[in-house]
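Open the model in your viewer and keep the selection tool ready. We will go stop by stop.

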Amino acid sequence: MLKLNNISITFNEGTPDEKKALDNINLELEQGDFITVIGSNGAGKSTLMNVISGNLMPDLGDVVIDGEPMLHLPEYKRSAFVGRVFQDPMAGTSPSMTIEENLAIAYSRNKKRRLRLGVTKQRKGMFKEQLKTLNIGLENRLTAKVGLLSGGERQALSLLMTTFTEPSILLLDEHTAALDPARAALITSLTEEVVRNSGLTTLMVTHNMQQALDLGNRLIMMDKGQIIFDVRGEEKSRLTIEDLLHAFKRIRGIQFEDDRVVLG
Amino acid sequence: MFISIFGAMESGIIYAIMALGVYLTFRILDFPDLTVEGSFVTGAAVAASSIVNGIPPITATILAAFAGFIAGCLTGVLHTKGKINPLLAGILMMTALYSINLRIMGQPTISLLQETTLFNQLGSLWSATGIDAFLNNILSTIGLEQLPTTWAILLVMIVITIIIKLLTDYFLKTEVGLALRAIGDNKKMVRSLSANTDLLIIFGVGISNALVATAGGLIGQLGGFADANMGLGLIVIGLASIIIGEALFSTKTIAKATLAVILGAIIYRIIVTLALRIDFMETGDMKMITAIIVIAALVIPRVLQARKENRRRQQKRAQLDQQLRGSSDA
């Protein structure tokens, strides 16, 4: 499915600000895996996401999706394979366009865009069905401008726009972090449902340890550009926040310094 | 008076095609493109020198559009591949086009007065239809003394401009068009949904300049000359049309917005014509009038809105006051 081989990337090489953002990362995801990624600020989580999505070019290593090498593909071509929901609810939608137009743009993700109407009667029906699964009444507001939606609604729409064309890899980049607790819980449960129903191979970065424990079948912890902890299946389901903090202290010999991770 | 307004509407409807082009870059792509000041002239230059060299006017006009498309694409390439700021990319292209236009024409000005233009051809076809006589009859019965020599240009240009508008509306609703519109809003999202933003921008700026060059080619044929300096200040005219249109008409949907731009272009021409009729105004004052119109169209709606808000707030306060007084009395 997704394979990362020996990925390394260094920022500001040769200057006093030199920083090894990713240090020889190897990661393999099976079809249908749902991996949660935690780690303190600067651990390399976002860099990892950017390398997979094609936003950043690693200095060394390969990204392979569905057996195809990805590194030579520009970001827009790679996004036919990789779907991504951003932290900022504004980032995933076009505010001046309607809900149906946004969905139409997303619908063309893995097809060739042509000079034919983007929103047809038939597609409208399909969009409606898809929006119903979100259960927040957006199916009755197809022609409403997306700019009028709340942050939570926009994030739910982004999630749908990213997933309903079933990308090979789904990247969730702290996609609930900018929402209030109620909305965040809604998006979290939607995420769980969508991933369960579609069986998408998913990589989710989160600052919330509880969320990382509740969701997915595998958890990895990153620190200083390395994967320092990797648990899956049965073992992961028994894990607690305490366990994670202990594991971190055992491996790194220091306390986990980021309160936000624990409390968030 | 009537004749000059009639003339304003004639050129206004042609300038509307240019305004649609500027709308595509300014509003849809959020790309303030100054190439238009050059590509408008390129359109006129290509059309004029083609006609002088014996190419049929209709082909000459299509060639003009094509030349504009290329110029726009080049600006798009400068911005997307050369990573040059949009404003600067446009200025560079506009500057280069000045020399290119002179090369195309071989001289600073080409006169078309002795040549057959699209509008001459139209006129001779038209006079057989008898529509002129019919419409002028109506006008003279309502007491107008000066009558337009031909209605052909106005009516045919209205049809052509409407066709271009409908094509633009349709294009902006296609899969490609939707992605193009999202670029002005959220480039990151468009890229994450697997659309080639660079190619879309290049294509979009190309189409925009094709429209502008078409207008240039037509204005050249209408006025009977192409001149290297005829594009001066054109961007402000385009903006004025858009801003007037948006201030006066609804822009809720794409179809309404493009109609607003077209009407804005015509109204702009009429305002300028009327302003120039004031005694102490000279032709040279036109640019200043344009600037004042744009400033007015930008400021007045905002002032009105603020006053409306203020009044609403005061009313609400008065109401609350009354309620409080009412309850304390009781």
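This is a predicted model: local features need pLDDT of at least 70, side-chain atom pairs count only at pLDDT 80 or more; totals for chains, interfaces and linings use all residues.

Residues are numbered from 1 along each chain as its sequence is written, chains are lettered from A and ligands numbered from 1 in the order in which they are written, and side-chain values use heavy atoms, with hydrogens and water left out.

**Stop 1: two helices in chain B**

Select α1 (residues 2-29) and α12 (residues 254-277) of chain B. Helices are DSSP runs of H or I with at least four residues, strands are runs of E with at least two, and both are numbered from the N terminus. The two helices pack at about 135 degrees, with axes 7 Å apart. Axes are lines fitted to C-alpha atoms, for helices over the stretch in contact, and angles run from 0 to 180 degrees between N-to-C directions. So α1(B) and α12(B) are oblique to each other.

**Stop 2: one leucine**

Stay in chain B and pick B:L218, in helix α10 (residues 197-223). Is B:L218 buried or exposed? Buried means under 20% relative accessible area, exposed over 50%, and partly exposed in between, with a 1.4 Å probe and protein chains only. B:L218 is buried, at 3%. Its contacts (heavy atoms within 4.5 Å) include B:I14, B:L118 and B:M157, not counting residues up to four places away in sequence. Now find B:A60: B:L218 is 158 residues away in sequence, yet the C-alpha atoms are 9.8 Å apart.

**Stop 3: a sheet in chain A**

Switch to chain A, where four strands form an open antiparallel sheet in the order β2-β1-β4-β5. Two strands pair if DSSP finds at least two bridges between them. At the edges, β2 (19-29) and β5 (68-69) of chain A each pair on one side only. Helix α1 (residues 45-53) of chain A packs on the sheet and touches β1, β2 and β4 (60-65).

**Stop 4: a covered helix**

Finish at α5 (residues 151-163) of chain A. How many of its 13 residues are buried? Twelve are. Among the elements covering them are α3 (99-107) and α6 (181-198) of chain A, and α9 (187-192) of chain B.

Definitions and conventions
The expected span of a helix is 1.5 Å times one less than its number of residues. Angles under 35 degrees count as roughly parallel, over 145 as roughly antiparallel, 65 to 115 as roughly perpendicular and the rest as oblique.
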